[in-house]
Amino acid sequence: MQYSEIMVRHGELSTKGKNRMRFINKLKSNIQDVLSPFPQVTVRSDRDRTHVYLNGADYQPVVEALKLVFGIQALSPVYKVEKNVEVLKSSVQEIMQSLYKEGMTFKISSKRSDHQFELDSRDLNLTLGNAVFDVLPHIKAQMKQPDVNLQVEIRDEAAYLSYENIKGAGGLPVGTSGKGMLMLSGGIDSPVAGYLALKRGVDIEAVHFASPPYTSPGALKKAKDLTRRLTRFGGNIQFIEVPFTEIQEEIKEKAPEAYLMTLTRRFMMRITDAIRQSRNGLVIINGESLGQVASQTLESMQAINAVTSTPIIRPVVTMDKLEIIDIAEKINTFDISIQPFEDCCTIFAPDRPKTNPKIKNVEQYEKRFDIEGLVQRAVAGIIVSEITPVDDSDAIEELIEDIL
Ligand code: ATP
Ligand code: MG
């Protein structure tokens, strides 16, 4: 017997009142994105569940991919069989025989939504239970916490059998909380921040500042690869590359060494905010972690934050580096983050950046710049690309391997 579909139970969204269909539709399209490496798979949602039809695809990699998608509470691989008592009996026998181990307990939980069907749920439990005893005389029936709870559902079009209940990722479907711009470097922290924002339903667009020729194509690819890892939790992500060379060269030339970092960050923040506005984002997300480096003292955060009133979400702000690394390893971004490609900030980093920049000084130095023009040119030069779960140049097998 082969699984015909994976039944998906919705998570927290079930409590969301009249927004429910919006949530479910979002989840459905996220699932479709995430399962794009499996072209034969199709997806259908109703109010209570989402059905992922395998159409012959191997169920295991599909389950592994679904386990990561936010907004899913649980998953069950399901057999679809003909609505016929004899077929049901032999199917139940076949399943239980394949699972049986000495001392095993079981129960049959039937549900009949097609009330025309010849047996009601009690009769079904009895008939199918007896069929199991016919082939496995030593198995025991147990109503409370049996080893195997074989669920039988008689619906209009067919009967469905399932016994596995796999925990989903929880969280909210990505996109149901609105959109935010993730400032994504090639480091360890910002991908983790992105993951945590995705978990609460924020649709992220990745904004990456690149300063060629000081930064290499490898650094850019690294940021895109990190983004690709993040698509596994809720589907495709827009990747926005920002040309930052002109600004970095000008800061290097005109600002005192100790303030390079603060000025750089303020430009990044202004540009990200302008991009956010033009693309209808609501918030900015970054990977700042308190006290980690000079740019991340409270004084620095205040100086950098002062250029905008847009809410800035810092999901990892209170975490220790080791806690962040734990998550990075769990979500498989760590191995990419530690690849040795320098990003724009490392290259222009001063030896001794100011840990307590004074806004007054910052504003004084910024008078030397045509801020508006620099920001406008950077925004005009962005390159937007859509990142999907599979890199067209990668083999699909590679992704499957990676998920497993
Ligand atoms: P990360 O590990 O995310 O790089 P970090 O500990 O290196 O963080 P910083 O270099 O101070 O910290 O950067 C703080 C935050 O600024 C990053 O988490 C990221 O959100 C943003 N940022 C830094 N560099 C870039 C960049 N090149 N493009 C986009 N965002 C950046
Ligand atoms: Mg960094």
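This is a predicted model: local features need pLDDT of at least 70, side-chain atom pairs count only at pLDDT 80 or more; totals for chains, interfaces and linings use all residues.
**View 1. The protein chain as a whole.** The chain has 15 helices and 15 strands, where helices (H or I, at least four residues) and strands (E, at least two) are DSSP runs numbered from the N terminus. Its C-alpha atoms fill a box of roughly 85 × 40 × 40 Å along the principal axes. Of the 404 residues, 52% are buried; buried means under 20% relative accessible area, exposed over 50%, and partly exposed in between, with a 1.4 Å probe and protein chains only. Among contacts (heavy atoms within 4.5 Å) with a separation of 6 or more, 80% are between residues 24 or more positions apart.

**View 2. The surroundings of ligand 1.** Around ligand 1 there are 21 residues, of which Met183, Ser185, Asp189, Ser190 and Gln292 come nearest; a residue is near a molecule if one of its heavy atoms lies within 4 Å of it. An oxygen atom of ligand 1 lies 2.7 Å from a backbone N or O atom of Met183, and a polar side-chain atom of Arg265 is found 3.0 Å from an oxygen atom of the ligand. For Gly287, a backbone N or O atom lies 3.1 Å from an oxygen atom of ligand 1. Taken alone, the ligand exposes 570 Å², and the protein buries 90% of that, with areas from the Shrake-Rupley method and a 1.4 Å probe; for residues, only the protein chains shown count as cover. At least two shell residues each come from α5 (189-199), β11 (203-210), α8 (260-278) and α12 (344-347), and β11 supplies the largest share, three residues.

**View 3. Asp189 in helix α5.** Asp189, which is found in helix α5, counts as buried because its relative accessibility is 8%. Its side chain is joined to that of Lys321 by a polar contact of 2.9 Å, a term for a pair of N or O atoms within 3.5 Å; within protein, one must be able to donate a hydrogen and the other to accept it, and residues adjacent in sequence count only if both atoms are side-chain atoms. Not counting residues up to four places away in sequence, Asp189 touches Gly287, Gln292, Val316, Lys321 and Ile324.

View 4. Arg49 counts as buried because its relative accessibility is 17%. The side chains of Arg49 and Glu153 make a polar contact of 3.2 Å. Leaving aside neighbours within four places in sequence, Arg49 is in contact with residues including Met7, His10, Lys111 and Arg155.

**View 5. Asp147 in a loop.** Asp147 is placed in the loop between β6 (140-141) and β7 (148-154), and it is exposed because its relative accessible area is 52%. Apart from neighbours within four places in sequence, Asp147 is in contact with Gly103, Met104 and Thr105.

Technical notes. Residues are numbered from 1 along each chain as its sequence is written. Chains are lettered from A and ligands numbered from 1 in the order in which they are written. Side-chain values use heavy atoms; hydrogens and water are left out.
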